[in-house]
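My notes follow the structure.

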Amino acid sequence: MSNYIAPLRDIRFVLNQLVGLEQVSKFPGYEDATPETVDAILEEAAKFAQDKIAPLNIPGDQAGAKWANNAVTAAPGFKETYREFYENGWTALPCKPEFGGQGLPKLVSTAVNEMWKAANMAFALCPMLTQGAIESLVIAGSDKQKKAFLPKMISGEWTGTMNLTEPSAGSDLAAVRARAEPQPDGTFKIFGQKIFITWGDHDMTDNIVHLVLARTPTAPEGVKGISLFVVPKFMLNPDGSPGKRNDAYCIKIEHKLGIHASPTAVMSFGDNGGAIGELVGEENRGLEYMFVMMNAARFAVGLEGLGISERAYQRAVNYARERIQGPETGAKSKEKVAIIKHPDIRRMLMEMRAQTEAMRALAAVVAAQHDAAVKHPNEEERKRSQAFVDLMIPVVKGWCTENGIQVASTGIQVHGGMGFIEETGAAQHLRDSRIAAIYEGTTGIQANDLIGRKMAREGGATIKTVIAQMRQTEAELGKFKGGDFAVIQKRLKTGIDALSAAADWIVATYGPDVRSALCGAVPFMMMLGAVAGGWQMARSAMIAQSRIDAGDKDPFYPAKIATTRFYADHFLTRAPMFSEIVTAGAPGALALDEAAF
């Protein structure tokens, strides 16, 4: 059984050579994020992921979190490791220094978070949700709330949750019915039930800060009548320490397909007189504030697809090297060889590798643009960067998580029958990966957001800018000689042309025939992800060739070019197919009467 090894060589390449960490570190406030400092952070993160978190992955899956008497106990080893995790400062990495954070760029935390998710997705979910809660409080919390909660949450001593979904609401947040009754002292009593609350209860910290959506008595119907409340598990004493138990309890945890060590709680508020909460920000603006948290979480969930892909790939490669079966095709010898020598195994491993590297590159580019949107000294550059981030976050979330499922499934196929047996660990990756395409808005919701809010609303302005940037890269490929680059250029052009045609169709169709446009939303999002991934892989290949031309003998560089060539041949070639589905697939999708299903 293989151990997780953080892919530091590729991570360093992406950060330093593809994205340009040195330029990001020049933004105001990021001066401490020098390549040397970041490299040391990556080294320590890799050690912690490999040595501390990864060994808990399979045992945590087997033992699971336990619920009894309205309380949850984390899987064995999680509590001790989480304490070491936050004491080492990992929870504070991207947070604001004024509340105790380290203030490092999102680009850096993205690389580190990939390692946590690859090592142990169930463990990584706890600090991920806390980070989202932190961002919401930073944006909308009062000075008192920030002082009371943020230092402990940023340090990791307390964790946070987001409580949106209800039994009758699902993804339709307009149907939220949890209620908040105002009290004479300015607080509110919260009543209602929330479901699917990740890490909604546990014993790893001495407090949990719940952010809860609920309606006040005077709230209008629909999404405009939802407010956000902070509801701690334990009320705070005057000195800020946890005091009286609040009326917010986990009444069960779900029995799930995967991530067994991550408790998915059913939370009940107010069964014993009312859970005490404080309004966050202004009344009836709760969904707006929660979307700050959800947007951060959507990007982070996309990294789960990347992390699972890396982990499944490593496990599959190790198995393929060790598993002896059949003679090598085309060889004179009839001696049995490791299956990694068989062409179809090589194809599957290359699929896993190429998709993973493309996801890593695209996620890092989006993270760096986020840093520019926040810190770049030029206002116009900030606006352009934010537009790119807004366009690409649903792609990172949707495309990466769908890829994660496919890559994990391919990993099982590489193992053959042993992949279906739990003891190899390959099956767990597929089980764990499946939730990521549902978390924080399903793939369909991400795709609808992409073509509606991010494209049709602005007439396709941002995606046209991105396509122009892709065409610039395609033109630059012509400067590099050799068969691989000629093919990569040809395939990238094919992908861009198909993407451009589909984007034009989406923008033109969304208004007059929104149902047809929405039928093509997911295929369009997957096409945009595939072509954007190929764009970044093409940039990577050019950088690699430049290093080779300069005399660098590192085998990493020819391998990057070979992986890009594979990606171009096997993924960019699918773009015309997606384009046909987008532009011509609606009639068949909508043809049957509901009764015919």
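I am reading a predicted model, where local features need pLDDT of at least 70, side-chain atom pairs count only at pLDDT 80 or more, and totals for chains, interfaces and linings use all residues. Residues are numbered from 1 along each chain as its sequence is written, and side-chain values use heavy atoms, with hydrogens and water left out.

**Salt bridges**

I found 37 salt bridges in the structure. The term means a side-chain nitrogen of Lys or Arg within 4 Å of a carboxyl oxygen of Asp or Glu.

I looked up Arg491 and Asp569, whose side chains form a salt bridge at 3.1 Å, N to O. Arg491 sits in helix α15 (residues 483–510) and Asp569 in helix α18, so this pair ties together parts 78 residues apart in sequence. Helices here are DSSP runs (H or I, at least four residues), numbered from the N terminus. Arg491 is partly exposed, at 25% relative accessible area. Asp569 is also partly exposed, at 23%.

Next I checked Lys560 and Asp10, which meet in a salt bridge at 2.7 Å, N to O. Lys560 lies in helix α18 (residues 556–570) and Asp10 in helix α1 (residues 8–19), so the pair links parts 550 residues apart in sequence. Lys560 is buried at 2%, and Asp10 is buried at 6%.

**Gln145**

Is Gln145 buried or exposed? I noted 3% relative accessibility, so Gln145 counts as buried. Gln145 lies in helix α8 (residues 143–155).

Note on methods
Helix = DSSP H or I, 4+ residues; strand = E, 2+ residues; numbered from the N terminus. Buried < 20%, exposed > 50% of the residue type's maximum accessible area, 1.4 Å probe, protein only.
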